[in-house]
Each structure stands twice: as C-alpha cells, then as structure tokens.
Amino acid sequence: RLPYLALLIFAVSLTLAATNWSKRALRSVGNRPVVTLTAVGLGCAVLTAVVSISPTSLHGSEMIANEAGLRNASTYATIALMLPVSWLYWRRFRLGLDIVQASLSIAAIMTAAAVVSMHFGQLWRLSWWDYHGCLLAGFAGTAYAVFTRWRTTRTAATVLESAFDDDPLTHIAQNYPTPLRHLVEAMEDRDSYTHGHSARTAALAVSIGVRMGLDADRLRVLAQGAYLHDIGKLGIPDEILNKPGSLTAEERVIINTHPDLGCQLAAAHEVLTPCLPIIRHHHERLDGAGYPDGLSGQDIPILARIAAVADVWDALTTDRAYRPGWSPQRALDHMVEGAGAHLDPQVLATLLDIASDMGIKPSGLIGDPSAVDAAIEDCHETGESHGDLTPALERQLAEITAAATGPRISA
C-alpha cells in the first residue's frame, strides 16, 4: 500500500506546487527547509522502520475495507493529476528552455507510468519491477536538473521559486541568452529609465501575447524583442536622449535612427536574430506613416505590433522629460482613438481586456490621436546618463554609425 500512497502524495504535492493559490503555503515551507525536510524525513524513516521490523503491523497481513477499490482510485487519481501537470511544466519548459521545467515534466510522466506498471503488472515479474525504473529515471533526472541549476545560482530557493512560478515572463527571463543580458546591462548602466521602460514593455507585451494565444516560441521571441526594442538608443547622444523638450527636425532624424541602429546591434549576435523584426519595426504605423521602412497594415510583423501597443501604453502612463505620466483611463481614451491608423485594433482590444480585468476602462470621451503620435515620436527619455558603454560596444556603435550604408535586415 505504501507505494500507492507515496505516489499519490507526490502527485498531489506536485499539482499543488503548480497552482497559484498554494504559493503562500509553499513560501512558508520554503522559509523553513531544514525543519520541513527533517520532519518529512523522520516520518518516513519511522514508518519504514516499523513496517520493516514488524511487517504485520499497520494491517500489513490483512486486507483493509474496500482495498481493491482504494487502489484503483489511487491509481487513476495519480494518473489524472500527473498528465495535465506534465503538460503544464512542458509548456513552461518551452517558454524558457529551462532544464528544471523539463525534468519536472518528465518526472510527472514517469510517475504516471510507474503507477500503471505497479497496478497492472504482475507481482515480482518484470512488468511490476518496471515501476522502480520509472521512478528512478524521473526523480534522478529532477535531482540532476536542480543540482545543475543550483551550481550556477548557488541558491536552492531561487531554483525552486522560479520552477513553480506561473508567470510566463519569469520562465522566459530565466534563460535569456547571454548577448541579450549584456545589452540589457549596458542599457541599464547608461540609462536606468530606458531599462525600466523596456522591462515594463516586455512584461505587458507578454501578457498581451498570452491573451492572444501565441505559442511558447513566439512568446519567447516577443519578450526578448520587446526588452531590446529601444537598445538602439545606446547610440543616441545624451543631449538628444535626455532633452527636456521637443526635438528639432535634425534631432528627430537622429533619434529616428534608433530602430535601425538597435537592429544592427542585435544582428551581431545570431541568437537574437528572431528578435530583429520587433526591434526594427516597433515604430511602424498601420497607415504607413511610421519608420524606418514605412510598412503598413499586415506587412508589419504581428510581434512588432504587439510591442508597439505595449510601448505606447508605457510611454503614456509614465513620466517623460517633457510631461508627467497620464492616468491609465486617459491613456486608454487616446489609444482607442489611435486604433486603425497607428495601433493594431486587435492588439489594442486585448489590452483593453487586460485593463478591464484590473478595473480600468476608457471613459468614453473622445481622445486625441495626436497624443499617441507625440508619445511615440517624442520617445526621448527623462533622467540622466549614468555610465559609459563598454569599449567593445562603443567600437560596434562607431562602426555602425560610420557606415554610410549597411546590409538591410529583412523582416
């Protein structure tokens, strides 16, 4: 009976760990790992000792009431829990390509296979012994994955927190490629506002993408591209980027080069190639009046259209060098008026759904589309530069800027 009970308890525990409502209980357990593991370990040790010393104890030699029915119920309950949980962890693995998520998914499948082998196999035959191999493979793989991740983070709590987090962006960010991290660090060192804006844009873009039903691969590209959409501003002079007022025509030409500049910076790293259309086209307009390529309508990549809506929302609702941030309701009023000409109506409708869930709705007053234009066009930031670029990045920027013409990045 103990294997049935053990597998059912594991199935219930892994299912609870995957649910959002159990996070508070898990956090309290995680804050006392020594106490928790000692209590569970001692309990298992005592139980094992009792049944080993006296196999007839705890009904060891007698059937309990409706034992066959209880074993059937335990078997089917374990399978019913493990199959959807395995799929859940596999989807999280697809988001961040995290070895821990993959191992949890495999462990769940192996647990379902183990209970099938144990229940339907013939005692002491190979069909029954299979369940030992399934459990060994599942749990050994998970232990190896957690240990591998712990070697890089040196914090077991960090590994487990991210493993059981249900936020898609958490899993995507867990395995951001190294070149992206280096570019983000350079951006944060130079201008903390741009970094914060990019992080918020990525988070909202992923929320919109999830609501629109994008698959894991496209969500991962969307998060990375939205995070890097303004990376080209590393090459914009501080006096333009931080100007507390409207830009001149000459300054506008310079700042409008940042999508192309950012695209070329990212293109130097092959792993970031899928992000290039987002970086290059997040300032295009549906009516064709955007830049740098004047794309219109469906010619603008859908991921760039999603990033554009998230970008405009953050631009309107946060403080800029030339105006304070607007209220969410006022921002929605103006964005609704910009739908169709500037912003993708379907993407904007998804943002409205997300805002509605938070209790935010447009007031119904007529907005001003030019306000959206200003939010996108006057995209220079508030604040001051905090640091210098690394020599390697400075050389790359200098080479790109000095080139009269360069290879165009295809959407």
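Which residues in α1 meet which residues in α5? In this predicted model, P3, Y4, L7, F10 and L14 in α1 meet L104, A108, T111, A114, V115, M118 and H119 in α5. The protein as a whole has 20 helices and 0 strands.

**Overall make-up**

- The protein has 411 residues, of which 44% count as buried.
- Where contacts in the protein join residues at least 6 apart in sequence, 72% of them link residues at least 24 apart.

**Helix α1 with helix α5**

- Two packed helices are described by the angle between their axes and the distance between the axes.
- Helix α1 covers residues 2–17 and helix α5 covers residues 99–120.
- The axes of α1 and α5 cross at roughly 155° and come within 11 Å.
- Because of that angle, α1 is roughly antiparallel to α5; the cut-off for this description is an angle over 145 degrees.
- The crossing of these two helices, α1 and α5, is left-handed.
- On the α1 side, the residues that meet α5 include Y4 and F10, while on the α5 side T111 and H119 are among those that meet α1.
- By class, the contact of α1 with α5 consists of 10 nonpolar residues and 2 polar residues, with no charged residues.

**Helix α4 with helix α11**

- Helix α4 spans residues 67–96, and helix α11 spans residues 216–227.
- The axes of α4 and α11 lie 8 Å apart, and the two helices pack at an angle of about 40°.
- That angle makes α4 oblique to α11.
- In passing α11, α4 forms a right-handed crossing.
- From α4, the contact is made by R91, R94 and L95; from α11, A216, D217, L219 and R220 take part.
- The residues in the contact of α4 with α11 divide into 3 nonpolar and 4 charged, with no polar residues.

**Cysteines**

- A search of the whole structure finds 0 disulfides.
- For C263, the closest cysteine sulfur is that of C275, at 10.0 Å from its own sulfur, which is too far for a bond; a disulfide requires a pair of cysteine sulfur atoms within 2.5 Å.
- C263 is also buried, with a relative accessible area of 0%.
- C134 is buried as well, with a relative accessible area of 17%, because buried means under 20% relative accessible area.

Technical notes. Residues are numbered from 1 along each chain as its sequence is written. This is a predicted model: local features need pLDDT of at least 70, side-chain atom pairs count only at pLDDT 80 or more; totals for chains, interfaces and linings use all residues. Side-chain values use heavy atoms; hydrogens and water are left out. Axes are lines fitted to C-alpha atoms, for helices over the stretch in contact, and angles run from 0 to 180 degrees between N-to-C directions. Helices (H or I, at least four residues) and strands (E, at least two) are DSSP runs, numbered from the N terminus. Angles under 35 degrees count as roughly parallel, over 145 as roughly antiparallel, 65 to 115 as roughly perpendicular and the rest as oblique. A crossing is left-handed if the near helix is turned anticlockwise from the far one by less than a right angle, and right-handed if clockwise. Contact means heavy atoms within 4.5 Å. Ala, Val, Leu, Ile, Met, Phe, Trp, Tyr, Cys and Pro count as nonpolar, Asp, Glu, Lys and Arg as charged, and the others, Gly among them, as polar. Buried means under 20% relative accessible area, exposed over 50%, partly exposed in between (1.4 Å probe, protein chains only).
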